[in-house]
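Subject: The model we talked about

Hi,

Here is the structure I promised to pass on. Have a look at it first, and then read on for my notes.

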Amino acid sequence: MGPKLKAARRHMLGLWSMIRKLRHARHSELARTRMEQKFMLYGNNLTGSISSSLGNLTNLVNLEPQKNLLSGPIPASLGNVKSLRAAMWSLVTAAALLTGLLALAMPASCNTEGDILFMQRAAWQQPITALDSWDPTLVNPCTWEYVTCDNESHVTHLDLRNVGMSGPLIPELGDLKKLQFMEVFGNGLNGSIPTTLGKLSNLINLDLQDNLLSGTIPASLGAINTLKNIRLHGNNLTGSIPTSLGNLTNLVNLELQKNLLSGPIPASLGNIKTLRSLNLNGNMLTGTVQQEILSLVSDGSLSELNIENTNVTNLLISRGSRSANPDVIGSFWLSLTFLVFL
């Protein structure tokens, strides 16, 4: 018997041995088979839940159970299968009876961030070709258009300016732990700003201006010490300006103009010694500009304060022991470039 025939015989014996093992294995014992690479079950009438033991198939590449009658949650154990490429959104297309999708806890190496962004895509209406490159079967979203990653394949930058998107921001965006720049302005976003964005501990720029966002400004944003720019102008935001924003000691620009904000301007904003621009015009704010904020003027740090078309009254301007108290009623615009201290 020649060497090629011997090799072929060994190969056939190996295949036969594997077939015998699979034939006699129970469902839960499938997970012990280390040779499986693809698990195609689509287009049947399978019922019940997806076995958590599939998380032990460490060499699994494809898992496609769509178009069945499966129910229950997607097992978090699938997050252990680092080789898995095509499972997640094939599972989602099985959809109707699958529950607990948000409980899926997959590590970053298994494309959690890509899953979040694809969930966001599904929540949006967008031009036909705008997000065609957002392919959930890829190992990570770093090659997707409008997405930038760091050297460890974490999403750091979302640049979706003027793309024509409409729909809400999903709460899961708060789990993009390394996100630094969220620039989703000039679209038709609606709904509220998720409070979970306060978990973005590396965020530098939050640019959501010129959308249709409503609801209040989340107080949780005051926990992001890395923020330098908050631009929320040109929306339909209501309620008061959170006092917690005064904790943002690295903030440079706060642009909240052209909303429906009400209540006083928080004195806590005077704690932001780095603040250069404070634009609040075109809101329904009341009260006075507090001395804590005006002290930023005398220190020479705050160079632009715009409260035009608000109801701020009784503005007190002081420098040293000299002060002026203009009779400011109704609308008022203060440009510190032309401010003269009496």
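A residue counts as exposed when its relative accessible area is over 50%, as buried when that value is under 20%, and as partly exposed in between. Please keep in mind that this is a predicted model. K258 has a relative accessible area of 56%, so K258 is exposed. S153, with a relative accessibility of 31%, is partly exposed. In the chain as a whole, 45% of the 342 residues are buried.

First, a word on confidence. The average pLDDT of the chain is 77, and 66% of the residues score at least 70. Residues 19–34 stay under 50, and the model has 17 contacts beyond four places in sequence for them. Another stretch, residues 85–110, is also below 50, and it has 63 contacts in the model beyond near neighbours in sequence. Please treat these two stretches with care when you look at the picture.

Now the overall layout. The chain has four helices and 21 strands. Among contacts between residues at least 6 apart in sequence, 54% join residues at least 24 apart.

Strands of a sheet pair through backbone hydrogen bonds, in either a parallel or an antiparallel way. You will find both kinds here. β5 and β6 run antiparallel and are joined by three bridges, with C149 opposite V155 in β6. Together β5 and β6 make a hairpin with five residues between them. β6 also pairs with β8 (residues 181–183), this time in the parallel sense and over three bridges. There, L158 has M182 in β8 as its bridge partner.

Further along, there is an open sheet of three strands in the order β15-β17-β19, with parallel pairing. β15 and β19 (311–312) are at the edges with a single partner strand each, so one side of each has no neighbour in the sheet. Two bridges link β15 to β17 (residues 284–287), and S262 stands opposite M284 in β17.

Most residues other than glycine have a negative phi. S153 has a positive phi, near 65 degrees, and sits in the loop between β5 (147–149) and β6 (155–159). K258 has a positive phi as well, near 60 degrees, and belongs to the loop between β14 (253–255) and β15 (262–263).

The residue I would like you to look at is E113, in helix α3 (residues 112–123). Which side chain of opposite charge is nearest to E113? The answer is K178, which is 8.3 Å away. What does the side chain of E113 make a polar contact with? Its partner is the side chain of H154, at 3.3 Å. Leaving aside neighbours within four places in sequence, E113 is in contact with P141, S153, H154, V155, L176 and K177. That list takes in S153, the residue with the positive phi in the hairpin turn, and V155, which stands opposite C149.

Best wishes

Methods: Residues numbered from 1 in each chain as written. Predicted model: local features only at pLDDT ≥ 70, side-chain atom pairs only at ≥ 80, totals over all residues. Heavy atoms only, no water. Buried < 20%, exposed > 50% of the residue type's maximum accessible area, 1.4 Å probe, protein only. Lys, Arg positive; Asp, Glu negative; His and termini not counted. Salt bridge = Lys/Arg side-chain N within 4 Å of Asp/Glu carboxyl O. Polar contact = N/O pair within 3.5 Å; in protein donor to acceptor, adjacent residues only side chain to side chain. Contact = heavy atoms within 4.5 Å. pLDDT = per-residue confidence, 0-100. Pairing = 2+ DSSP bridges.
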